[in-house]
Amino acid sequence: MEPKWSNTICKRVLLTGFTLCVVLVTKPTSAMDIHADPEVIVQNGTTGILRCTFKSSEVVSSTTSVTWSFQSSQPDNQFSKSQFTVFYFSNGKVFPGEEEFRDRVQFIGDINKRDASIQLSPAQFSDNGTFFCDVKNPPDVTGTPARVELRVVLKESLPQSNTAVIVGAVCGALFLLVLIAVAACVVMRVLHNRHDYEGCTSLESVSSQAPKPRKKVESSLEGSRSTSPSGPLQGPVIYAQLDHSGSKNSFHKMEPVVYADIRKN
């Protein structure tokens with residue numbers, strides 16, 4: 001039993017070691033991840049930018065290549081039957097494509113930043129169609145090329161920019177802030193007026209209660225008047241001295257004496 005058991009263990013160890021060697025020696029190839037704008041609208045006669053970026057697990061090197069191809073959406077166009085290369089980049093060099101695009105396509109990307117964008121200037125109506133961006137970064141060579149639908153239109157057919165939308169949103173926000181500020185001012189003024197009204201009512205209540213002690217004083221004065229003897233008020237009494245000598249020539253200056261007798265209430 002022991003020899004058979006040892007043989008089984010040896011086989012399992014050998015199989016595990018062989019599997020590890022295969023995994024370490026054979027490195028799996030990862031697929032490229034390429035992205036581009038789904039649609040680009042350009043005015044006729046202006047510059048159109050076709051952006052393309054990629055992701056790769058490998059380090060970008062001189063072997064990295066970028067290929068842009070085009071297929072027209074117009075049946076009578078010479079590029080409508082199949083894809084034609086309009087731009088090719090490899091080993092740090094640019095190789096022109098079809099003569100129709102040779103002087104109008106320019107590489108504006110940066111391979112080290114994983115950017116494979118190009119620009120088309122000037123854009124023409126014959127450029128309406130699909131552009132394909134394909135990037136190879138060995139050993140990452142598998143991946144689906146990104147598609148960009150290019151539409152070359154007149155200026156009147158261009159969609160409105162987002163500037164008007166942004167300006168409208170900002171104006172609406174400012175108008176809303178103004179409304180909030182006005183509402184806050186109105187509320188504060190109403191509260192302030194209510195506070196002043198409550199102060200006035202409190203003062204009126206105090207003033208209405210203040211004359212009550214005066215009535216008591218008046219009643220006490222009336223009582224004192226009722227207790228005093230009734231009768232007409234007597235004014236000042238004047239007394240004078242007269243000359244009774246009977247002499248005609250004799251004249252004595254009379255010195256009046258005034259006695260004041262004033263009775264208070």
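## Overall picture

Of the 265 residues that make up the protein, 20% count as buried, and this figure, like every other value in this report, comes from a predicted model. The protein exposes about 20300 Å² of surface, and carbon and sulfur atoms supply 60% of that area.

In terms of secondary structure, the protein has four helices and 13 strands.

## The six-stranded sheet

Six strands come together in an open sheet, in which the order is E2-E11-E10-E5-E6-E7 and the pairing is mixed. At the edges of this sheet are strand E2, which covers 39-43, and strand E7, which covers 93-96, and each of these pairs on one side only. Going from one strand to the next, the twist averages 20°.

Strand E6, made of residues 84-90, pairs with E7 in the antiparallel sense, and the pairing extends over four bridges. Tyr-88 has its bridge partner in E7, and that partner is Phe-95.

## The three-stranded sheet

Another open sheet consists of three strands in the order E3-E9-E8, and its pairing is antiparallel. Its edge strands are E3 (48-50) and E8 (105-107), each of which pairs on one side only. Neighbouring strands of this sheet are turned against each other by 25° on average, if direction is ignored.

Here, too, a single pairing can be examined in detail. E3 is joined by three bridges to strand E9, which holds residues 118-120, and the two strands run antiparallel. For Leu-50, the bridge partner in E9 is Ile-118.

Is Ile-166 buried or exposed, given its relative accessibility of 53%? A residue counts as exposed when its relative accessible area is over 50%, and as buried when that area is under 20%. Ile-166 therefore counts as exposed, because its relative accessibility is 53%.

Conventions: Residues numbered from 1 in each chain as written. Predicted model: local features only at pLDDT ≥ 70, side-chain atom pairs only at ≥ 80, totals over all residues. Heavy atoms only, no water. Buried < 20%, exposed > 50% of the residue type's maximum accessible area, 1.4 Å probe, protein only. Areas by Shrake-Rupley, 256 points an atom, 1.4 Å probe, with all protein chains shown as cover. Pairing = 2+ DSSP bridges. Axes fitted to C-alpha atoms, helices over the stretch in contact; angles between N-to-C directions.
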